[in-house]
Amino acid sequence: MLVEDDMSLAEWFGDYLGEQGYLVTLANRGDVAIELIESDQPDLVILDIMLPVKDGFEVCQAIRPFYLGPILMMTARDHETDEVLGLELGADDYVVKPVKPRVLLSRIKALFRRISSPAVASETNQNKINLGKLSIDANSRTTTLAGTKVAISSNEFDVLWQLAQAADKVVSRKDLVIQRRGIEYDGFDRSIDILVSRIRKKLGDDASNPYRIKTVWGKGYLFVKNAWG
């Protein structure tokens, strides 16, 4: 689903993606997009920020409780604060206009690869991790805590799985970025920190003094094996 209020641009992108084999649904208002995303559950959402009625940030925040697919935010404003806010609200990636169609297509393909790739469990040939009250299933890409299913987005699941596979070992931000985005860590990418913060909140970790997923300053993150009851 492409959510963009500039209909000429939306149709242009829609036609291009259609030629690449994608079925594209268009929405040009934030409030309408929320209703369509809830009813249609598209495989991926491309979400512009500057929208009438409800902007892209409001849409992203509104849909995350019921939509777990990838969200790619798109905006004409090249502000770091916009990117950080989008990621904090649940977006998975971010592009700045004007964006070339082939670049947009590559981002879309990368997001789909994260969802469909079986490599998430290839290192240990283990498809399920059970630690106390926490259960993580790589086949169904679901997470339960104390018997209750936790609403984990695709990107959050990938990071959680990578950390849980290396329980009681420090995983560097560099390794997390390479696994999640397939690019080298430049030392400034904050997306991993935001994802870990979201995961902690959903898994009941203490934000001010985390004990389940600890930050090891200057090194990365430590998933504590015996912290799950």
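Predicted model: local features only at pLDDT ≥ 70, side-chain atom pairs only at ≥ 80, totals over all residues.
The secondary structure of the protein chain consists of 8 helices and 12 strands. The chain has 229 residues, of which 49% count as buried. Among contacts between residues at least 6 apart in sequence, 56% join residues at least 24 apart.

Two helix pairs are described here. In the pair formed by helix H2 (residues 30-40) and helix H3 (residues 56-63), the axes come within 9 Å and cross at roughly 25°. Angles under 35 degrees count as roughly parallel, and H2 is therefore roughly parallel to H3. The crossing in which H2 passes H3 is right-handed. On the H2 side the contact is made by Gly30, Ile34 and Ile37, which meet Val59, Ala62 and Ile63 in H3. By residue class, this contact of H2 with H3 comprises 5 nonpolar residues, 1 polar residue and no charged residue.

In the other pair, the axes of H6 and H8 come within 10 Å, and the crossing angle is roughly 90°. H6 and H8 are therefore roughly perpendicular to each other. Asn155, Glu156, Val159 and Leu160 are the residues of H6 in this contact, and they meet Ile192, Leu195, Val196, Arg198, Ile199 and Lys202 in H8. The residues of the contact of H6 with H8 divide into 6 nonpolar, 1 polar and 3 charged.

The largest nonpolar core holds 30 residues, and those that touch the most other members are Ile136, Val159, Leu163, Ile192, Leu203, Phe223 and Trp228. Two or more residues each are given to this core by strand S6 (128-131), strand S7 (134-137), helix H6 (154-165), helix H7 (173-181), helix H8 (191-202) and strand S12 (220-223). H6 supplies the largest share, 6 residues. For phenylalanine 223, a member of this core, the contacts beyond its neighbours within four places in sequence are Leu131, Leu134, Leu160, Leu163, Ala164, Ala167, Asp168, Lys169, Arg212, Ile213 and Trp228. Another core, of 20 residues, lies apart from the largest one and includes Ala27, Ala33, Val45 and Tyr67.

Two further phenylalanines were examined, one in H6 and one in H1. Phenylalanine 157 is placed in helix H6. Its relative accessibility is 1%, so phenylalanine 157 counts as buried. Not counting residues up to four places away in sequence, phenylalanine 157 touches Ile136, Asp137, Ala138, Arg141, Thr142, Thr143 and Ile152. One of these, aspartate 137, is 20 residues from phenylalanine 157 in sequence, with a C-alpha to C-alpha separation of 9.6 Å.

Phenylalanine 13 lies in helix H1 (residues 7-19). At a relative accessibility of 2%, phenylalanine 13 also counts as buried. Phenylalanine 13 and valine 24 are 11 residues apart in sequence, and their C-alpha atoms are 9.2 Å apart in space.

Some backbone features remain to be noted. Most residues other than glycine have a negative phi, and most peptide bonds are trans. The peptide bond that joins lysine 97 and proline 98 is cis, with omega about -5°. Proline 98 is located in the loop between strand S5 (93-96) and helix H5 (101-116).

Arginine 141 is not a glycine, yet has a positive phi of about 55°. This arginine is found in the loop between S7 and strand S8 (142-145). Buried means under 20% relative accessible area, and arginine 141, at 19%, is therefore buried. Arginine 141 is also among the residues touched by phenylalanine 157.

Aspartate 168 likewise has a positive phi, near 70°, in a residue other than glycine. The loop between H6 and strand S10 (170-172) contains aspartate 168. With a relative accessible area of 46%, aspartate 168 is partly exposed. Aspartate 168 is among the residues in contact with phenylalanine 223.

Definitions and conventions: Residues numbered from 1 in each chain as written. Heavy atoms only, no water. Axes fitted to C-alpha atoms, helices over the stretch in contact; angles between N-to-C directions. Helix = DSSP H or I, 4+ residues; strand = E, 2+ residues; numbered from the N terminus. Parallel < 35°, antiparallel > 145°, perpendicular 65-115°, else oblique. Left-handed = near helix turned anticlockwise from the far one by under 90°. Contact = heavy atoms within 4.5 Å. Nonpolar A, V, L, I, M, F, W, Y, C, P; charged D, E, K, R; others polar. Core = buried A, V, L, I, M, F, W, Y, C linked by side-chain atoms within 4.5 Å. Buried < 20%, exposed > 50% of the residue type's maximum accessible area, 1.4 Å probe, protein only.
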